[in-house]
Amino acid sequence: DQHILEQLVLHYLPAVHARLDALGIGVGLFTLPWFMCLFITYLPWRESLLVLDNFFYDGPLTLFKFALAVLKLNADAVLAHDNPEDIVRHIRAARYPQNILVDVATTQFTELTHARLAELRQTRKYQEIVHMEQGTKRAQIAAVRGSACPHMSADELDALYVAFHAALPADTVAFRITFEQYQELLSKFAFAFWLNATAQLERVFAAIDADGDGALEWADFARLVDVVTHGSTAERVLYALDTVYTRDDDDSGGGGGGATAGGGTADDGVDGHRRHGRGPGGARSQRRRQPRCTTSSGGGA
(Lines give C-alpha, C1' and ligand atoms only; values in the text may rest on other atoms or scores of the structure.)
Protein backbone atom coordinates (compact mmCIF):
# COMPACT_ATOMS: atom_id res chain seq x y z
CA ASP A 1 0.00 0.00 0.00
CA GLN A 2 2.89 2.40 0.63
CA HIS A 3 4.11 1.86 -2.93
CA ILE A 4 0.61 2.61 -4.18
CA LEU A 5 0.44 5.75 -2.07
CA GLU A 6 3.78 6.82 -3.55
CA GLN A 7 2.24 6.57 -7.03
CA LEU A 8 -0.81 8.54 -5.92
CA VAL A 9 1.34 11.32 -4.45
CA LEU A 10 3.27 11.49 -7.71
CA HIS A 11 -0.03 11.80 -9.60
CA TYR A 12 -1.93 14.23 -7.36
CA LEU A 13 0.94 16.12 -5.64
CA PRO A 14 3.92 16.07 -8.02
CA ALA A 15 5.68 19.01 -6.32
CA VAL A 16 5.54 17.26 -2.93
CA HIS A 17 6.81 14.03 -4.43
CA ALA A 18 9.67 15.81 -6.18
CA ARG A 19 10.68 17.56 -2.96
CA LEU A 20 10.70 14.34 -0.94
CA ASP A 21 12.63 12.61 -3.70
CA ALA A 22 15.22 15.43 -3.67
CA LEU A 23 15.63 14.93 0.07
CA GLY A 24 16.21 11.22 -0.52
CA ILE A 25 13.19 10.01 1.45
CA GLY A 26 10.07 8.12 0.48
CA VAL A 27 6.51 8.95 1.37
CA GLY A 28 6.37 5.82 3.50
CA LEU A 29 8.84 7.32 5.98
CA PHE A 30 6.00 9.12 7.72
CA THR A 31 2.86 7.64 6.14
CA LEU A 32 3.46 4.03 7.19
CA PRO A 33 2.63 4.77 10.88
CA TRP A 34 -0.51 6.57 9.72
CA PHE A 35 -1.78 3.42 8.03
CA MET A 36 -0.73 1.09 10.84
CA CYS A 37 -2.36 3.22 13.57
CA LEU A 38 -5.30 4.55 11.51
CA PHE A 39 -3.94 8.07 12.08
CA ILE A 40 -4.56 7.85 15.84
CA THR A 41 -2.07 10.11 17.71
CA TYR A 42 -0.78 11.36 14.34
CA LEU A 43 -3.66 13.80 13.92
CA PRO A 44 -5.54 15.94 16.43
CA TRP A 45 -8.06 13.92 18.40
CA ARG A 46 -11.11 15.27 16.58
CA GLU A 47 -9.63 14.54 13.15
CA SER A 48 -8.55 11.07 14.30
CA LEU A 49 -12.15 10.25 15.21
CA LEU A 50 -13.33 11.53 11.83
CA VAL A 51 -10.82 9.25 10.08
CA LEU A 52 -12.07 6.27 12.09
CA ASP A 53 -15.67 7.15 11.31
CA ASN A 54 -14.95 7.26 7.57
CA PHE A 55 -12.75 4.15 7.74
CA PHE A 56 -15.55 2.05 9.24
CA TYR A 57 -17.90 3.36 6.55
CA ASP A 58 -15.68 3.27 3.43
CA GLY A 59 -12.87 0.84 4.29
CA PRO A 60 -9.14 1.12 3.42
CA LEU A 61 -9.79 3.67 0.66
CA THR A 62 -10.25 6.20 3.47
CA LEU A 63 -6.61 5.87 4.53
CA PHE A 64 -5.33 6.77 1.07
CA LYS A 65 -7.60 9.79 0.72
CA PHE A 66 -6.82 11.19 4.16
CA ALA A 67 -3.09 10.65 3.65
CA LEU A 68 -3.27 12.63 0.40
CA ALA A 69 -5.35 15.31 2.16
CA VAL A 70 -2.80 15.68 4.99
CA LEU A 71 0.06 16.00 2.51
CA LYS A 72 -1.89 18.51 0.38
CA LEU A 73 -2.73 20.71 3.37
CA ASN A 74 0.91 20.60 4.52
CA ALA A 75 2.48 20.97 1.07
CA ASP A 76 3.94 24.42 1.83
CA ALA A 77 5.76 23.08 4.89
CA VAL A 78 7.09 20.08 2.96
CA LEU A 79 8.47 22.39 0.26
CA ALA A 80 9.96 24.80 2.80
CA HIS A 81 11.87 22.39 5.07
CA ASP A 82 15.19 20.77 4.22
CA ASN A 83 15.21 18.30 7.10
CA PRO A 84 12.88 15.25 6.97
CA GLU A 85 12.56 15.31 10.77
CA ASP A 86 11.27 18.88 10.63
CA ILE A 87 8.66 17.80 8.07
CA VAL A 88 7.47 14.95 10.29
CA ARG A 89 7.29 17.22 13.35
CA HIS A 90 5.40 19.91 11.48
CA ILE A 91 2.79 17.50 10.10
CA ARG A 92 2.26 15.90 13.48
CA ALA A 93 1.81 19.26 15.19
CA ALA A 94 -0.44 20.72 12.51
CA ARG A 95 -3.97 21.87 13.36
CA TYR A 96 -6.80 22.05 10.84
CA PRO A 97 -9.85 24.32 10.58
CA GLN A 98 -13.13 22.57 11.24
CA ASN A 99 -14.03 19.92 8.62
CA ILE A 100 -11.38 21.07 6.14
CA LEU A 101 -9.49 17.78 6.33
CA VAL A 102 -12.65 15.79 5.64
CA ASP A 103 -13.67 18.14 2.84
CA VAL A 104 -10.31 17.81 1.08
CA ALA A 105 -10.21 14.02 1.53
CA THR A 106 -13.71 13.47 0.18
CA THR A 107 -13.85 16.08 -2.62
CA GLN A 108 -10.33 16.49 -4.02
CA PHE A 109 -9.60 12.87 -4.99
CA THR A 110 -12.83 11.66 -6.53
CA GLU A 111 -10.98 9.71 -9.24
CA LEU A 112 -9.66 7.41 -6.54
CA THR A 113 -12.38 4.78 -6.19
CA HIS A 114 -12.55 1.27 -4.80
CA ALA A 115 -12.22 -0.12 -8.31
CA ARG A 116 -9.16 2.04 -9.01
CA LEU A 117 -7.55 1.02 -5.72
CA ALA A 118 -8.16 -2.66 -6.49
CA GLU A 119 -6.56 -2.18 -9.91
CA LEU A 120 -3.50 -0.49 -8.41
CA ARG A 121 -3.13 -3.25 -5.83
CA GLN A 122 -3.35 -5.96 -8.49
CA THR A 123 -0.71 -4.22 -10.59
CA ARG A 124 1.55 -3.84 -7.58
CA LYS A 125 1.07 -7.49 -6.68
CA TYR A 126 2.19 -8.52 -10.15
CA GLN A 127 5.22 -6.22 -9.92
CA GLU A 128 6.19 -7.76 -6.59
CA ILE A 129 5.92 -11.28 -8.02
CA VAL A 130 8.11 -10.30 -10.97
CA HIS A 131 10.60 -8.67 -8.61
CA MET A 132 10.80 -11.78 -6.44
CA GLU A 133 11.18 -14.04 -9.47
CA GLN A 134 14.00 -11.85 -10.78
CA GLY A 135 15.72 -12.08 -7.39
CA THR A 136 15.34 -15.86 -7.36
CA LYS A 137 16.68 -16.02 -10.90
CA ARG A 138 19.78 -13.99 -10.06
CA ALA A 139 20.43 -16.12 -6.99
CA GLN A 140 20.00 -19.42 -8.86
CA ILE A 141 22.32 -18.35 -11.69
CA ALA A 142 24.92 -16.98 -9.27
CA ALA A 143 24.86 -20.27 -7.35
CA VAL A 144 26.04 -22.29 -10.37
CA ARG A 145 28.09 -19.80 -12.33
CA GLY A 146 31.84 -20.27 -11.99
CA SER A 147 31.74 -23.44 -9.88
CA ALA A 148 29.22 -25.89 -11.31
CA CYS A 149 29.14 -24.12 -14.70
CA PRO A 150 32.58 -22.62 -15.40
CA HIS A 151 32.15 -22.43 -19.17
CA MET A 152 28.72 -20.94 -19.86
CA SER A 153 28.35 -17.17 -20.08
CA ALA A 154 25.85 -15.16 -18.08
CA ASP A 155 23.58 -14.82 -21.12
CA GLU A 156 23.70 -18.56 -21.80
CA LEU A 157 22.85 -19.37 -18.19
CA ASP A 158 20.06 -16.80 -18.30
CA ALA A 159 18.54 -18.44 -21.39
CA LEU A 160 18.92 -21.90 -19.84
CA TYR A 161 17.28 -20.76 -16.60
CA VAL A 162 14.35 -19.20 -18.45
CA ALA A 163 13.77 -22.44 -20.37
CA PHE A 164 14.19 -24.54 -17.22
CA HIS A 165 11.71 -22.37 -15.34
CA ALA A 166 9.22 -22.47 -18.23
CA ALA A 167 9.43 -26.28 -18.31
CA LEU A 168 8.43 -26.64 -14.66
CA PRO A 169 5.00 -28.17 -14.09
CA ALA A 170 2.41 -25.49 -13.37
CA ASP A 171 1.20 -27.19 -10.19
CA THR A 172 4.61 -27.80 -8.63
CA VAL A 173 6.30 -25.88 -5.83
CA ALA A 174 9.62 -27.69 -6.23
CA PHE A 175 12.23 -26.26 -8.58
CA ARG A 176 12.84 -29.55 -10.41
CA ILE A 177 12.10 -31.10 -13.79
CA THR A 178 10.92 -34.59 -14.72
CA PHE A 179 12.54 -36.96 -17.21
CA GLU A 180 10.27 -35.81 -20.05
CA GLN A 181 11.18 -32.15 -19.50
CA TYR A 182 14.83 -33.11 -19.19
CA GLN A 183 14.67 -34.78 -22.63
CA GLU A 184 12.94 -31.78 -24.19
CA LEU A 185 15.45 -29.28 -22.76
CA LEU A 186 18.44 -31.36 -23.85
CA SER A 187 17.08 -31.44 -27.40
CA LYS A 188 17.21 -27.63 -27.39
CA PHE A 189 20.40 -26.86 -25.50
CA ALA A 190 22.55 -29.95 -26.04
CA PHE A 191 21.19 -31.36 -29.29
CA ALA A 192 24.39 -33.19 -30.32
CA PHE A 193 24.49 -35.00 -26.98
CA TRP A 194 20.77 -35.73 -27.11
CA LEU A 195 21.01 -37.04 -30.69
CA ASN A 196 24.09 -39.22 -30.20
CA ALA A 197 23.25 -40.60 -26.77
CA THR A 198 19.52 -41.21 -26.97
CA ALA A 199 19.90 -44.68 -25.51
CA GLN A 200 21.91 -43.28 -22.61
CA LEU A 201 19.60 -40.40 -21.63
CA GLU A 202 17.73 -42.43 -19.04
CA ARG A 203 20.97 -43.77 -17.58
CA VAL A 204 22.44 -40.26 -17.28
CA PHE A 205 19.21 -38.97 -15.75
CA ALA A 206 19.21 -41.73 -13.14
CA ALA A 207 22.86 -41.04 -12.37
CA ILE A 208 22.46 -37.33 -11.62
CA ASP A 209 19.11 -37.82 -9.88
CA ALA A 210 20.91 -38.26 -6.56
CA ASP A 211 17.84 -38.86 -4.38
CA GLY A 212 16.13 -41.08 -6.95
CA ASP A 213 12.82 -39.20 -6.88
CA GLY A 214 12.56 -38.88 -10.65
CA ALA A 215 13.33 -35.15 -10.80
CA LEU A 216 16.42 -33.04 -11.43
CA GLU A 217 17.51 -29.93 -9.57
CA TRP A 218 18.47 -26.79 -11.50
CA ALA A 219 22.14 -27.01 -10.50
CA ASP A 220 22.48 -30.64 -11.64
CA PHE A 221 20.90 -29.96 -15.01
CA ALA A 222 22.93 -26.78 -15.59
CA ARG A 223 26.13 -28.66 -14.80
CA LEU A 224 25.24 -31.39 -17.33
CA VAL A 225 24.54 -28.87 -20.11
CA ASP A 226 27.70 -26.92 -19.31
CA VAL A 227 29.90 -30.00 -19.58
CA VAL A 228 28.37 -31.58 -22.69
CA THR A 229 28.18 -28.30 -24.65
CA HIS A 230 31.33 -26.47 -23.55
CA GLY A 231 33.57 -28.91 -21.70
CA SER A 232 36.70 -30.48 -23.14
CA THR A 233 36.94 -34.20 -23.83
CA ALA A 234 38.84 -34.72 -20.59
CA GLU A 235 36.19 -32.81 -18.61
CA ARG A 236 33.42 -34.89 -20.14
CA VAL A 237 35.23 -38.12 -19.28
CA LEU A 238 35.79 -36.96 -15.70
CA TYR A 239 32.15 -35.90 -15.42
CA ALA A 240 31.01 -39.32 -16.68
CA LEU A 241 33.30 -41.09 -14.23
CA ASP A 242 32.13 -38.89 -11.38
CA THR A 243 28.41 -39.35 -12.08
CA VAL A 244 27.31 -42.19 -14.31
CA TYR A 245 29.95 -44.80 -13.54
CA THR A 246 30.36 -43.90 -9.87
CA ARG A 247 26.60 -44.25 -9.47
CA ASP A 248 26.65 -47.56 -11.32
CA ASP A 249 29.34 -48.86 -8.94
CA ASP A 250 27.32 -47.73 -5.93
CA ASP A 251 24.16 -49.38 -7.25
CA SER A 252 25.98 -52.67 -7.92
CA GLY A 253 26.50 -53.18 -4.20
CA GLY A 254 30.27 -53.29 -4.43
CA GLY A 255 30.63 -50.87 -1.56
CA GLY A 256 32.24 -47.45 -1.39
CA GLY A 257 35.68 -46.69 -2.73
CA GLY A 258 35.57 -49.15 -5.65
CA ALA A 259 35.83 -52.40 -3.70
CA THR A 260 37.12 -55.45 -5.57
CA ALA A 261 35.35 -58.77 -5.75
CA GLY A 262 37.59 -60.18 -3.05
CA GLY A 263 36.51 -57.61 -0.52
CA GLY A 264 39.58 -55.39 -0.72
CA THR A 265 39.92 -51.90 -2.03
CA ALA A 266 41.07 -50.81 -5.44
CA ASP A 267 44.54 -50.11 -4.01
CA ASP A 268 44.66 -53.61 -2.54
CA GLY A 269 43.88 -55.00 -6.00
CA VAL A 270 46.73 -53.05 -7.56
CA ASP A 271 49.13 -54.18 -4.82
CA GLY A 272 47.99 -57.78 -5.29
CA HIS A 273 48.76 -57.64 -8.99
CA ARG A 274 52.20 -56.33 -8.21
CA ARG A 275 52.91 -58.98 -5.57
CA HIS A 276 51.93 -61.80 -7.91
CA GLY A 277 53.72 -60.38 -10.93
CA ARG A 278 50.56 -59.48 -12.80
CA GLY A 279 51.00 -55.73 -12.79
CA PRO A 280 52.65 -53.67 -15.50
CA GLY A 281 56.03 -55.29 -16.18
CA GLY A 282 55.25 -58.14 -13.78
CA ALA A 283 55.51 -60.92 -16.39
CA ARG A 284 58.95 -59.76 -17.54
CA SER A 285 60.20 -59.57 -13.97
CA GLN A 286 59.02 -63.10 -13.33
CA ARG A 287 60.83 -64.41 -16.40
CA ARG A 288 64.03 -62.73 -15.31
CA ARG A 289 63.79 -64.51 -11.98
CA GLN A 290 63.47 -68.03 -13.49
CA PRO A 291 66.24 -70.30 -12.06
CA ARG A 292 68.86 -71.61 -14.49
CA CYS A 293 69.19 -75.41 -14.92
CA THR A 294 72.85 -76.59 -14.63
CA THR A 295 74.63 -79.94 -14.16
CA SER A 296 77.54 -80.83 -11.88
CA SER A 297 79.59 -82.45 -14.72
CA GLY A 298 79.65 -79.42 -16.94
CA GLY A 299 77.13 -80.82 -19.45
CA GLY A 300 74.38 -78.41 -20.35
CA ALA A 301 70.86 -79.63 -20.01
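Predicted model: local features only at pLDDT ≥ 70, side-chain atom pairs only at ≥ 80, totals over all residues.
Mentor: Buried residues make up 33% of its 301 residues.

Trainee: Why is D226 called buried?

Mentor: The term buried requires a relative accessible area under 20%. D226 has a value of 0%, and 0% falls under that cut-off, so D226 counts as buried. This residue is placed in helix α14, which covers residues 218–230.

Trainee: Which residues does D226 touch, leaving aside those up to four places away in sequence?

Mentor: They are A148, C149, P150, H151, M152 and G231. Contact here means heavy atoms within 4.5 Å.

Trainee: Why is L32 called partly exposed?

Mentor: Partly exposed covers the range between the buried limit, under 20%, and the exposed limit, over 50%. The relative accessibility of L32 is 39%. L32 belongs to helix α3, residues 28–37. Its C-alpha atom is separated by 10.0 Å from that of A67, a residue 35 positions apart from L32 along the chain.

Trainee: Which residues line the second largest pocket?

Mentor: The lining consists of E133, Q134, T136, K137, Y161, V162, H165 and F175. A lining residue must have an atom within 4 Å of a point of the pocket. The space in this pocket is about 150 Å³.

Trainee: Which helix gives the most to that lining?

Mentor: Helix α9 does, with four residues. Both α9 (114–144) and α10 (154–167) supply at least two residues each.

Trainee: How many residues of each class does the lining hold?

Mentor: There are three nonpolar, three polar and two charged residues. Glu and Lys count as charged, so E133 and K137 belong to that class. Tyr, Val and Phe count as nonpolar; therefore Y161, V162 and F175 are placed there.

Trainee: What share of the contacts in the protein chain join residues at least 24 apart?

Mentor: Among contacts between residues at least 6 apart in sequence, the share is 64%.

Trainee: What part of the accessible surface belongs to carbon and sulfur atoms?

Mentor: The accessible surface of the protein chain comes to about 18200 Å², and 54% of it belongs to those atoms.

Technical notes: Residues numbered from 1 in each chain as written. Heavy atoms only, no water. Buried < 20%, exposed > 50% of the residue type's maximum accessible area, 1.4 Å probe, protein only. 1 Å grid on protein atoms, 1.4 Å probe; cavity = no way out; pocket = protein on both sides within 12 Å on 5 of 7 lines; lining within 4 Å. Points joined across faces, edges and corners; volume = space filled by probe spheres on them. Areas by Shrake-Rupley, 256 points an atom, 1.4 Å probe, with all protein chains shown as cover.
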